[in-house]
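User: Could you take a close look at one part of this model for me? I'd like to hear about the charged pairs.

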Amino acid sequence: MTALLSIENLTVEYAVGGKALFAVSDVSLEVGRGETLGLVGESGCGKSTLGRAVLQLRRPTGGRVTFDGTELTRLDGEALRLMRRRLQLIFQDPIASLNPRRSIGDIVAEPLVITGVVDRGERERRVRDVLAAVGLDADLVMGRLPHEFSGGQCQRICIARALILEPELVICDEPVSALDVSIRAQILNLLEDMKRRYGLTLLFIAHDLAVVKAVSDRIAVMYLGRLCEVGPTEQLFARPAHPYTALLLEAIPVPDPTVKPAANLAAGEPPSPLDPPSGCRFRTRCPRADQTCADVVPELREIAVGQFAACHHPLG
Amino acid sequence: MTAPLLSVEGVSVELPTPRGALRAVDNVDLALAPGRTLGIVGESGCGKTMLSRAILQLLPKRARLGGRVMFAGRDLTNLPAEALRRLRGPELAVVFQDPMTSLNPVLTIGTQIIETLQAHLGMDAAAAATRGVELLAAVGIPAPAQRLRQYPHQLSGGMRQRVAIAIALSCEPKLLIADEPTTALDVTVQAQILDLLAREQQRRHMAMILITHDLGVVAGRTDEVAVMYAGRIVERAPTSRLFAGMRMPYTEALLAAIPKLDSPPHTPLPAIAGRPPDPTRPLAGCSFAPRCRYADGRCRAAKPPLGDPERAGTLYACWHPLGLSESASA
Amino acid sequence: MAVLDIEVDTAVVSPVRKRRRVGALFLAAVAWIVLIGLAAALAGALPIVSPTDMDILARRAPPGAEHWLGTDQLGRDEFSRLIYGARISLTVGLLAPVIGVLIGGSLGMLAGYFRGRFETLTVGGVDVLLAFPPLVFVLAVTAYLGQSVLNITLVIGVLGIPAFTRVARAVTLSLSEREFVVAARALGATHARILLRELLPNVALPLVAFFLLGVAVTIVVEGALSFLGLGVPPPAPSWGSMIAEGRENLDIAPWLAFLPALFMFLSVLAFNIVGDTLRALTDPRPGAL
């Protein structure tokens, strides 16, 4: 498996009130062609920033992003604009992602117009094809405005727009967290189906481990801008090495009253990313933390085959 | 079984819209005993929030309410505004989904807690301040005395929800309605807040209605669960019985649609096709029939009543309940 | 693909019928604007006397058969002067905000979209323009360039730029954060395309509503300037100067001041009503009215 996307030592910094906020600190990841990499973490952990930094929508302050052998971090202007067509993005809020004053047909055709497909007939044919692929009836849908549709239908439209140019990599940023449970399953199944049909590579960003597990081959866990753990999905669920991964797993509410909720989960909340703890950023909530964790930033190292964790005292 | 603290009898809520009346809540009956927890589960638009507003008598002005809401022997629907106001706080309290909007952004947390205590319990300022610190400590806020001087925006989402809970608990209510209290929070914080609610509820012997879209949240933390769909309660049962054997296909489908932690990646999820019906156009039959695998002509023609044909404490509204033979259900 | 359960979603909500009632008030407002607009446009062709012809024998004549609405102190036909006055009020009232909306709207959109140094410069420039006393500005311009319809229009138009810039910038700022704009960027759309296709349709409506408000304000401002003698020079009639002249005869011929004031009041009200209604009607969300 060759890496389609490789992220090396990526750092994204914001200036917040004169202070530097490291939204993403020194993250390295690879996504193989045809693979789905799940990226998990709580709000403020930098997972969405990472997604946008890959597309250069937010310029990284350090590190490199290489897509299919081209270094995106070095591209500019026209070259970057052309490259972006091979990478697409799907957002959390499907309704806000659609221009409220343009018709669905217009919105889905927009990528074709931008890439210079002049022939109206061809545009319409391709719009109809992709709408059918995402399970919408083109005749009923094309002339309408976004507000006439439910969240789930809007997400289908967003997926259609992202797929019409047949991209290679799609970054899904919390694509189902704004949707109801029954609709969520439809969209997850649709993404899986689209992945197969269009031969996509997915970077799937979400806060819900169960949702990520349903679609991912490998999972990366982030906490306060840093990578905690990366590994094959089933292995990571069966034997989490990082205490934070274990905490996330325990915190998932299980729809079964015979499973009592885990008591006394790690107290506290993630500290402010403006003022992260020294050493390991999870140490303030970690039951295993000691002086080493405060002094030394743990490096990502291989715990088991293909499973990497950044922890001085890994579990298991 | 003690006499119910709250009993909702045939409550309906209608909202006028440009496209006609929208029946947000349709003839709902509920009962809740003191100290018990009822989970109300449903997807967005199923009427669960409107039902909670109807119980609290906090419906939008234009809404039309039918039925009775009996709380501690009084009918809240025809209580004068002043009596209702006195009831909220010491008797009835609520925690909303978004603590940022339920807390006043320009007042300190201390002011908000202390004013509540002074208004409802007639405490003097010093006593109220002391009590405020105790309350914040009780909901797990570190350094509570300092927090009293802070504004809501200076706290994290989880801390704000703790403050909202502290305010709700400040007058020792008999019933707490928690409307999606953890939906806006991260998973690890969600577990903490749910633990906190459960702990305080037991300590105070308070009744609680936990409204959520997540079956996982109600599973471990409620005594009874009511599942709502399209404005109606479609299944209601003691929590353990419900999860042991669901009768209503909607409840089962809702549970099946949640990704399971123990199934391998790329397992297709049994999704529920379609979407909920348009609430301004009620169907003649069962509202779930258009999406139901088991639906037949009868389901589309006649609305199944909510009943307990097995006389076992499980109520459901379905012509073809699961886990039973067809003869037993008739 | 049986397991995948991708249904073709035919149950799209039927479109929300735009059965919103436009009130009688709105229709009356539109009727008044059309009437005044037509009268002003066709004033030359209408069978009315010239607004500058003096009927010395019938000064301050009360309304009657010969002069429908009477005459002023110089014996000029009041009705004719009101119609020709509408010409000036509406010309200035419509053209000045066009300057504001074109220049201010573009500056605001560019500032809100590109941010950075351009935004700092624009906002700074707008603040300077706002801080400059408007009356001094009018005096200076009319003193150097002379009093004419064109100059008055230009002056009021330039003074309106800051308000339009602010509206356009604020709307653009909030829209630029929205996902659909980020989505367009992710698709590789050019800046020009994002500005014209994604942002402009959404910025245009608040601007149009603000434009109609601007028309109403401009009519009042033009009236005030004429009242102060800074407007269009006599003998050309303008509602403002007519009120000023009528003021001197309030005791004997009160209609000379009240009629132009009434015309101005009705026109300003009409533009405000139309502006408000249009804004509510064009909001894509249902139930916004």
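Predicted model: local features only at pLDDT ≥ 70, side-chain atom pairs only at ≥ 80, totals over all residues.

Which side chain meets Arg131(B) in a salt bridge?

Analyst: That would be Glu172(B), with N to O at 3.3 Å. Before going on, a word on the ground rules. Residues are numbered from 1 along each chain as its sequence is written, chains are lettered from A and ligands numbered from 1 in the order in which they are written, and side-chain values use heavy atoms, leaving out hydrogens and water.

A salt bridge here is a side-chain nitrogen of Lys or Arg within 4 Å of a carboxyl oxygen of Asp or Glu. Back to the pair: Arg131(B) sits in helix H5 (residues 125-138) of chain B, and Glu172(B) in the loop between helix H7 (157-169) and strand E7 (175-179) of chain B, so parts 41 residues apart in sequence get tied together. Helices (H or I, at least four residues) and strands (E, at least two) are DSSP runs, numbered from the N terminus.

Arg131(B) is buried, at 18% relative accessible area, while Glu172(B) is partly exposed at 40%. Buried means under 20%, exposed over 50%, and partly exposed in between (1.4 Å probe, protein chains only).

The pair also belongs to a network of salt bridges that links Arg131(B), Glu134(B), Glu172(B), Arg199(B), Glu200(B), Arg203(B) and Arg204(B). Over all chains, the count comes to 50 salt bridges.
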